[in-house]
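Please look over the sequence and the model shown here before reading on.

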Amino acid sequence: MKLSGGARTLGSLWLVGLCALPALSQERLPASAVASATVTGSVERGRALLANRQDSGCILCHTVPGMAAGGEIGPPLAGLAERASAEQIRQRIADPRTLNPATVMPAYFSTQGLQRVASAYAGQTVLSAQGLEDIVAYLLANTRSEPGAPVRP
Ligand code: HEC
């Protein structure tokens, strides 16, 4: 199944994660803010993107509530909606280097400072703006320990 949210395959994604240098471009576009301003996320599309290893790869490194399989390189995402705001989650996925310059997590919505990206993918983000918002919507809706607990704005 081909999902519209994934603009690049996992192979290049690993390259991005492993080869991105800590020294980042000075330009910090608020790309994640642009994504949230232009599109509305869908929990169901977010679920499909998260579950598909080719499109996002998140579950290779994280356990995610509602997903059967998950990796342990990154922290479990259970309880995320209680410890992070929507904008913090969006920022983390868009470009985790802004929070941890040495991170192994790929930058999913940035084309800045990426090294050795295959030429066919140069200038493309891993996730589309829509895909980013869909994943944020899923995580906000499904990572609360109490189903009825309030979500941070
Ligand atoms: C290569 C492994 C890897 C992949 C793939 C990955 N992450 Fe991460 N992620 C990490 C690590 C490691 C951390 C811990 C912070 C750090 O080291 O930068 C993290 C941190 C996070 C956090 C913060 C967790 C918290 O408790 O505050 C969120 C949210 C997150 N990742 C979401 C995602 C999503 C969504 C995807 C897919 C779009 C993804 N990650 C893909 C490794 C990964």
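## Basis and terms

A nonpolar core, as the term is used here, is a set of buried Ala, Val, Leu, Ile, Met, Phe, Trp, Tyr and Cys residues joined through side-chain atoms within 4.5 Å. Buried means under 20% relative accessible area, exposed means over 50%, and partly exposed lies in between (1.4 Å probe, protein chains only).

The model is predicted, with local features requiring pLDDT of at least 70 and side-chain atom pairs counted only at pLDDT 80 or more, whereas totals for chains, interfaces and linings use all residues. Residues are numbered from 1 along each chain as its sequence is written, and side-chain values use heavy atoms, with hydrogens and water left out.

## Overall architecture

The protein has seven helices and zero strands, where helices (H or I, at least four residues) and strands (E, at least two) are DSSP runs numbered from the N terminus. Of its 153 residues, 44% are buried. Contact means heavy atoms within 4.5 Å, and among contacts between residues at least 6 apart in sequence, 65% join residues at least 24 apart.

The protein exposes about 7800 Å², of which carbon and sulfur atoms supply 59%; accessible areas come from the Shrake-Rupley method with a 1.4 Å probe, and for residues only the protein chains shown count as cover.

## The largest nonpolar core

In soluble globular proteins, nonpolar side chains tend to be buried together. The largest nonpolar core in this model holds 25 residues, and those touching the most other members are Leu50, Val64, Ile89, Ile93, Ile135 and Leu139. Two or more residues come from each of helix H3 (43–51), helix H4 (58–61), helix H5 (80–83), helix H6 (86–94) and helix H7 (129–142), and H7 gives the most, with seven residues.

Leaving aside neighbours within four places in sequence, Leu50 is in contact with Ser56, Cys58, Ile59, Val64, Met67, Ile135, Tyr138 and Leu139.

## Surroundings of the ligand

A residue is near a molecule if one of its heavy atoms lies within 4 Å of it. There are 21 residues around the ligand, and Cys58, Cys61, His62, Thr103 and Met105 come nearest. This shell divides into 14 nonpolar, five polar and two charged residues, with Ala, Val, Leu, Ile, Met, Phe, Trp, Tyr, Cys and Pro counted as nonpolar, Asp, Glu, Lys and Arg as charged, and the others, Gly among them, as polar. H4, H5, H6 and H7 each supply at least two residues of the shell.

Which ligand atom lies 2.8 Å from an N or O atom in the side chain of His62? That atom is a nitrogen of the ligand. An oxygen atom of the ligand lies 2.8 Å from a polar side-chain atom of Arg83, and a polar side-chain atom of Thr103 is 2.5 Å from an oxygen atom of the ligand.

Met67 lies in the loop between H4 and H5 and counts as buried because its relative accessible area is 13%. Gly70 is found in the loop between H4 and H5, and with a relative accessible area of 36% Gly70 is partly exposed.

Asp134 has its place in helix H7 and is buried, with a relative accessible area of 2%. Residues up to four places away in sequence aside, Asp134 touches Thr40, Gly41, Ser42, Arg45, Gly46 and Leu49.

How values were computed. A polar contact is a pair of N or O atoms within 3.5 Å; within protein, one must be able to donate a hydrogen and the other to accept it, and residues adjacent in sequence count only if both atoms are side-chain atoms.
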